[in-house]
Amino acid sequence: MTAETSQTLDRGLRVLKLLADTDHGLTVTELSNKLGVNRTVVYRLLATLEQHALVRRDLGGRARVGLGVLRLGRQVHPLVREAALPALRSLAEDIGATAHLTLVDGSDALAVAVVEPTWTDYHVAYRAGFRHPLDRGAAGRAILAARQQGFGEPGYMLTHGELEAGASGAAAPLLGVTGVEGSVGVVMLADAVPERVGPRVVDAAREVAEALR
């Protein structure tokens with residue numbers, strides 16, 4: 001550190017970097033050990049970063065990067081959408097259902113990119129900006145499963161009627177993308193999701209994850 005730099009700002013940036021390098025978040029104690037400062041300092045840093053939505057803490061107290069990091073750059077969401085669109089288009093056309101990329105925004109799931117199939121007579125209307133609780137719908141449930149339990153192998157979630165009557169959904173989490181929690185999925189008007197859709201959604205999620213790395 002030099003006279004021209006801020007020790008507090010330096011520590012705050014180091015917290016963000018540490019959190020960005022883990023998929024499972026860090027506790028106050030773990031951050032304290034990694035930074036070499038006491039827990040009180042870490043609590044103050046996290047509280048300040050939380051006020052700006054740069055950090056969030058889950059029910060277990062683990063700190064993670066917040067979606068406010070994405071909001072720092074107005075072009076981040078467009079860039080994320082651009083990276084995801086090829087895989088989403090392919091998924092929508094292949095399955096004949098509306099495909100979407102969903103990211104965590106606080107306690108909600110937020111759709112940031114949506115692609116509708118071009119050849120179907122009807123499909124579910126699903127718009128970018130649509131949000132819903134993480135514990136409802138395939139997109140949110142896939143994210144929670146990856147966060148709380150993890151998938152040893154890439155897996156997927158299936159739901160029916162949780163967000164819209166008569167609609168079924170399938171979604172797989174984004175894995176291995178530092179600092180980003182999200183999922184890729186499809187929503188369709190059907191009583192049940194066809195067997196081939198789950199594995200196809202997993203493949204699409206893998207493609208999007210690779211594009212975002």
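These legends describe close-up views of a predicted model.

**View 1. Helix α1 packs against helix α3.** Helix α1 covers residues 7–20, and helix α3 covers residues 39–51. Their axes lie 10 Å apart and cross at an angle of about 75°. Angles of 65 to 115 degrees count as roughly perpendicular, so α1 and α3 are roughly perpendicular to each other. From α1, the contact uses Thr-8, Arg-11, Gly-12, Val-15 and Leu-16. From α3, Val-41, Leu-45, Leu-46 and Leu-49 meet them. The contact residues comprise 6 nonpolar, 2 polar and 1 charged.

**View 2. Helix α6 is mostly covered.** This helix spans residues 138–148. Of its 11 residues, 9 are buried. Among them are Ala-138, Ala-139, Gly-140 and Ala-142. Ile-143, Leu-144, Ala-145 and Ala-146 are also buried.

**View 3. Strand β3 is buried on both sides.** Thr-98, His-100, Thr-102 and Val-104 point one way. Ala-99, Leu-101, Leu-103 and Asp-105 point the other way.

**View 4. Strand β3 pairs with β8 and β4.** Strand β8 (residues 182–189) runs antiparallel to β3, and 6 bridges join the two. Here Thr-98 stands opposite Val-187 in β8. Strand β4 (residues 108–115) also runs antiparallel to β3, joined by 7 bridges. In this pairing, Leu-101 stands opposite Ala-113 in β4.

**View 5. A hairpin links β3 and β4.** The hairpin has 2 residues between the strands. Gly-106 takes a positive phi near 65° in this hairpin.

Note on methods: Residues are numbered from 1 along each chain as its sequence is written. This is a predicted model: local features need pLDDT of at least 70, side-chain atom pairs count only at pLDDT 80 or more; totals for chains, interfaces and linings use all residues. Side-chain values use heavy atoms; hydrogens and water are left out. Axes are lines fitted to C-alpha atoms, for helices over the stretch in contact, and angles run from 0 to 180 degrees between N-to-C directions. Helices (H or I, at least four residues) and strands (E, at least two) are DSSP runs, numbered from the N terminus. Angles under 35 degrees count as roughly parallel, over 145 as roughly antiparallel, 65 to 115 as roughly perpendicular and the rest as oblique. Contact means heavy atoms within 4.5 Å. Ala, Val, Leu, Ile, Met, Phe, Trp, Tyr, Cys and Pro count as nonpolar, Asp, Glu, Lys and Arg as charged, and the others, Gly among them, as polar. Buried means under 20% relative accessible area, exposed over 50%, partly exposed in between (1.4 Å probe, protein chains only). Two strands pair if DSSP finds at least two bridges between them.
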